[in-house]
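Dear colleague,

Please find below the structure that I am handing over to you. My notes on it follow.

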Amino acid sequence: MGNKRLPVMQVRLVKYHNPVASLAPNELEVMLELKGISSFADRAGLDLVAVIDVSGSMGGDGLAKVKSALHFVIHKLSGLDDRLSIVTFSDNAARLCPLRFVTESARDELKALVDGLVTDGTTNMKAGLETGLSVVNDRRLTAGRAVNVMLMSDGMQTRGGDAKDVELKNVPVYTLGFGTHHDPDLMEAIARKSLGGTYNYVAGSANLTGSFS
C-alpha cells in the first residue's frame, strides 16, 4: 500500500492506494482521510467588534439566535491571540465591554454578558455602527493584528438616521440579517461599502454556525 500526504489549505489529505495497476478488470477500495489543522498558528491575531441589535423587534427568536451565535464566536476565538468587544444598540448605543483577550476566565464573563442581553426600544443602527467603529479607532495594540466588525440585526432601522451614511474607512464589516422581516438591501449595502465585508442571511439555527464560520 502507498501512503501520500498532501496539505490542502487548512485540511490534510491522506490518500491510501495500491500503486500496482491490474491487467484485468477488478474492484478496488479507496480510502481518503481528511484531518483539520488548527489555523491559529498561521494567522494574525483578530480584534472582533460585535455590534448587536437589542431593539424590541429582535425579541424572542431573534435575540435567542444572536446569543447562540455569540456563544459560538466566543468558543472559537483563541485566547492567546484574539480580542472581542461587544456593542449593543436600540434607542442609543453602548459599549458593554472593551476589546479583551478571550482567555478561559474571560470566556465565562463574556458568555454571562451575552446571556444577560434583553430587548427594548427602537433601532438606531447608525449609532451602533458608529460606536463599534469608535472601538476600532481607539485600539492601542494594533501591530500585526486584523480587525473586523460584525453587525447583527433584523435590519429595520427606525431611529437615528441612515447607517449607510457611516464612514467605514478601511474596516471590514460583516453584516448578518436575522429573520424574514430584515432589510437585506440595507445590510448588503453596509457590507459592500466596507473593505471586504460580506452579508449573510441567518434563516434559522441550522445555518447559524456556517454563517459565522
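A nonpolar core is a set of buried Ala, Val, Leu, Ile, Met, Phe, Trp, Tyr and Cys residues joined through side-chain atoms within 4.5 Å; buried means under 20% relative accessible area, exposed over 50% and partly exposed in between, with a 1.4 Å probe and protein chains only. This is a predicted model, in which local features need pLDDT of at least 70 and side-chain atom pairs count only at pLDDT 80 or more, while totals for chains, interfaces and linings use all residues. Residues are numbered from 1 along each chain as its sequence is written, and side-chain values use heavy atoms, leaving out hydrogens and water.

The largest nonpolar core has 24 residues, and I52, L70, L84, M150 and M152 have the most contacts inside it. At least two residues of this core come from each of β4 (45-53), α1, β5, α2, β7 (145-153) and β8 (173-178); helices (H or I, at least four residues) and strands (E, at least two) are DSSP runs, numbered from the N terminus. With five residues, α1 gives the most to this core. Apart from it lies another core, of 21 residues, including L99, V135, V147 and V149.

Turning to helix α2 (residues 104-115), A106, R107, L110 and V114 are buried. These buried residues fall within an arc of 105° seen down the helix axis, so they line one face of α2; the arc is that of the directions from the axis to the C-beta atoms. On the other side of α2, S105 and D108 are exposed. The cover over the buried residues of α2 includes α1 (61-76), β5 (83-89) and β6 (93-101).

With kind regards

Methods. Contact = heavy atoms within 4.5 Å.
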